[in-house]
Amino acid sequence: MEKKKKGDDVSNSKPPLMALNHVSRLCKDVKKSLEFYTKVLGFVEIERPAALNFDGAWLFNYGVGIHLVQVKDEDKLPSDTDHLDPMDNHISFQCEDMEALEKRLKEVDVKYIKRTVGDQKDAAIDQLFFNDPDGFMVEICNCENLELVPRHSADAIHLPEDRHAPPVALPGSPNRRKPQPNS
């Protein structure tokens, strides 16, 4: 019997992935971006490992993190910070109240475009597109209206069960770390 070599069953094995952990964003001004993501989108600043000895900030909420990193080469930032094209690179967040978020964008004077894809028969999706302070595009949507239909094998889709979000340190609890329930 022939011994299997590491990597022989790659096509049959499933990667042990669980969920999106974080998105990293380069920033011209970390403090300005930190204010945007906390005040406009409700992210919470969390502690970074002390070993990271460069300017940046970590944020977390909604089961995903955003890592802000002070840019060293501004040529790496988007050059047209007013450009909004839904067909361009962006990060998208699911939203449970599109009207409230649109109101928030107006209150903080963030320029955005709004569109609806499909119709009620096809499960319409509402979308808001806007740029963060460094010109990276953000989408807010209510994509839960759209049923995901696998084009091939439905058993290839894996949904996290018990470890969707990292534990959160809660003040006053004995061990301060509580796992977050899967929502």
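This is a short walk through one predicted model, from its overall make-up to a few single residues.

Start with the whole chain. There are 183 residues, and 29% of them count as buried. The accessible surface comes to about 13700 Å². Carbon and sulfur atoms hold 51% of that surface. Now contacts. Take those between residues at least 6 apart in sequence: 54% of them join residues at least 24 apart.

Next, secondary structure. The chain has two helices and ten strands. Reading from the N terminus, the order is β-α-β-β-β-β-α-β-β-β-β-β.

Four strands form an open sheet in the order 1-4-3-2, and the pairing is mixed. Which strands sit at the edges? Strand 1, residues 22-27, and strand 2, residues 44-46. Each of these two pairs on one side only. From one strand to the next, the twist averages 30 degrees.

Look at strand 1 and its partner. Strand 1 runs parallel to strand 4, residues 64-70, and six bridges join the two. His22 has Gly65 as its bridge partner in strand 4. Leu26 has Val69 as its bridge partner there.

In strand 1, the covered face has Val23, Arg25 and Cys27. The uncovered face has His22, Ser24 and Leu26.

Cys27 brings us to the cysteines. How buried is Cys27? Its relative accessible area is 1%, so Cys27 counts as buried. Cys143 is another matter: with 28% relative accessibility, Cys143 is partly exposed, because that value lies between the 20% and 50% cut-offs. How many disulfides does the model have? The count is zero.

Now the core. The largest nonpolar core has 26 residues. Which of them touch the most other members? Tyr37, Leu41, Leu68, Phe93, Phe130 and Ile140. Several elements give two or more residues to this core, among them strand 1, helix 1, strand 5 (91-94), helix 2 (98-107), strand 7 (125-131) and strand 8 (137-141). Helix 1 gives the most, with four residues.

Take Phe130 from that list. Setting aside neighbours within four places in sequence, Phe130 is in contact with residues including Phe36, Leu41, Leu84, Leu105 and Ile140. Lys111 and Tyr112 are also among the contacts of Phe130.

Is Ile91 buried or exposed? Its relative accessibility is 12%, and buried means under 20%, so Ile91 counts as buried. Leaving out neighbours within four places, Ile91 is in contact with Val23, Arg25, Met137, Val138 and Glu139. Val23 and Arg25 take us back to the covered face of strand 1. One distance to finish. Ile91 and Ile140 are 49 residues apart in sequence. In space, C-alpha to C-alpha, they are 8.6 Å apart.

Key:
Residues are numbered from 1 along each chain as its sequence is written. This is a predicted model: local features need pLDDT of at least 70, side-chain atom pairs count only at pLDDT 80 or more; totals for chains, interfaces and linings use all residues. Side-chain values use heavy atoms; hydrogens and water are left out. Two strands pair if DSSP finds at least two bridges between them. Axes are lines fitted to C-alpha atoms, for helices over the stretch in contact, and angles run from 0 to 180 degrees between N-to-C directions. Buried means under 20% relative accessible area, exposed over 50%, partly exposed in between (1.4 Å probe, protein chains only). Contact means heavy atoms within 4.5 Å. Accessible areas come from the Shrake-Rupley method with a 1.4 Å probe; for residues, only the protein chains shown count as cover. A nonpolar core is a set of buried Ala, Val, Leu, Ile, Met, Phe, Trp, Tyr and Cys residues joined through side-chain atoms within 4.5 Å. A disulfide is a pair of cysteine sulfur atoms within 2.5 Å.
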